[in-house]
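Keep the 3D view open as you read.

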Amino acid sequence: MSGIVTSEDIVTAVTEATEEVFSTMLNLPLEKLNPQTATSEPPGSDGVVALVGIGGSWTGSGRIGCSKKAACKLAGALLMSNYPEVDEEVLDAMAEVANMVIGNVKTNFEGKLGPLGLSVPTVVFGRNYYTRSAGVQNWMVMPFRTGEDELEIRFCLMPSQTTQSRVERLRPQVVA
Amino acid sequence: MALDVMIVDDSAAIRKILHRVLVQAEVPLGQVHEACDGKDALEKLKDAKVGLILSDINMPNMDGIELLNRLKADDNFKSVPIVMVTTEGSQAKVLQALELGAAGYVRKPFTAEQIQEKLAGII
């Protein structure tokens, strides 16, 4: 296990996992847009965001955000139903999409980082809301387009505090 | 002969999809029971006899591995095939499930054909 995950690794893993979910479970087209990094949380949001946490020797978070129209479209494709408005089934579908995408990214990285855990997804729906993940300094932001709708996947992964402090404690000894 | 099935997943969306896939696969379905976690499944299985269980692994309250462990230790259920349908892709978890007696494993995301193929070898 190399124990290193680069931005490119994240983009590749998230893209592959998203493409697989869209082709197998949603049967929707997916176009990857330009990924970028962000050092701040997204500004006030409208629509739906599904968050999944990663824990273990590395911790992180993955989130899928989109408009309520796009959320209804994804849910409709997943459940083969029509959803004119966001309801519990739409929120549940968004949670499951996030669970599958971030879960498969987690599995991908376990080969490098060792066993990781996945939290139960949380979904937020509303207008002009803010979310904040404690301790996260760098997000990989990966926008995608499906038809005329867009969704944004944000992902961050860093050594857990315990691991980080252990590394920092060891560092002087390594240098010496 | 109709097959009673239990689907165990904390996602109502996945329960709905799996139910639909079973219908598409032309499984001769009897009753389809649903449970949202292992604990809920054990409770509902007190009153239900099933011939197949599809279960997630990562669930709150009681996960799929613990559910599998308990059912395989129960004379009433140890011969019931249990297929794990899960996002959990780590080799350790999959091997653990198979060692505990899971009849198979399907990774999410899945296609209807993958579920059909897996079930064809089991039921």
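Helix 1 and helix 3 of chain A are oblique to each other, because their axes cross at roughly 135°; oblique is what remains once angles under 35 degrees are called roughly parallel, over 145 roughly antiparallel and 65 to 115 roughly perpendicular. Helices here are DSSP runs (H or I, at least four residues), as are strands (E, at least two). The model is predicted, so local features need pLDDT of at least 70 and side-chain atom pairs 80 or more, while totals for chains, interfaces and linings use all residues. Residues are numbered from 1 along each chain as written, with chains lettered from A and ligands numbered from 1 in written order.

Who touches whom? On the helix 1 side of chain A you'll find, among others, Ala13(A), Val14(A) and Ala17(A), and on the helix 3 side residues including Val97(A), Met100(A) and Phe109(A). Contact means C-beta atoms, placed from the backbone, within 7 Å.

Met80(A) isn't a glycine, yet its phi is positive, about 50°. Look for Met80(A) in the loop between helix 2 (68-79) and helix 3 of chain A. Met80(A) is exposed, with 11 other C-beta atoms within 10 Å (12 or fewer count as exposed, 20 or more as buried, in between as partly exposed). Asn128(A), in strand 6 (residues 122-129) of chain A, also has a positive phi, near 50°, and with 8 C-beta neighbours inside 10 Å it is exposed.

Over in chain B, the peptide bond from Lys108(B) to Pro109(B) is cis, with omega near 0°.

Note on methods: Axes fitted to C-alpha atoms, helices over the stretch in contact; angles between N-to-C directions. Contact = placed C-beta atoms within 7 Å.
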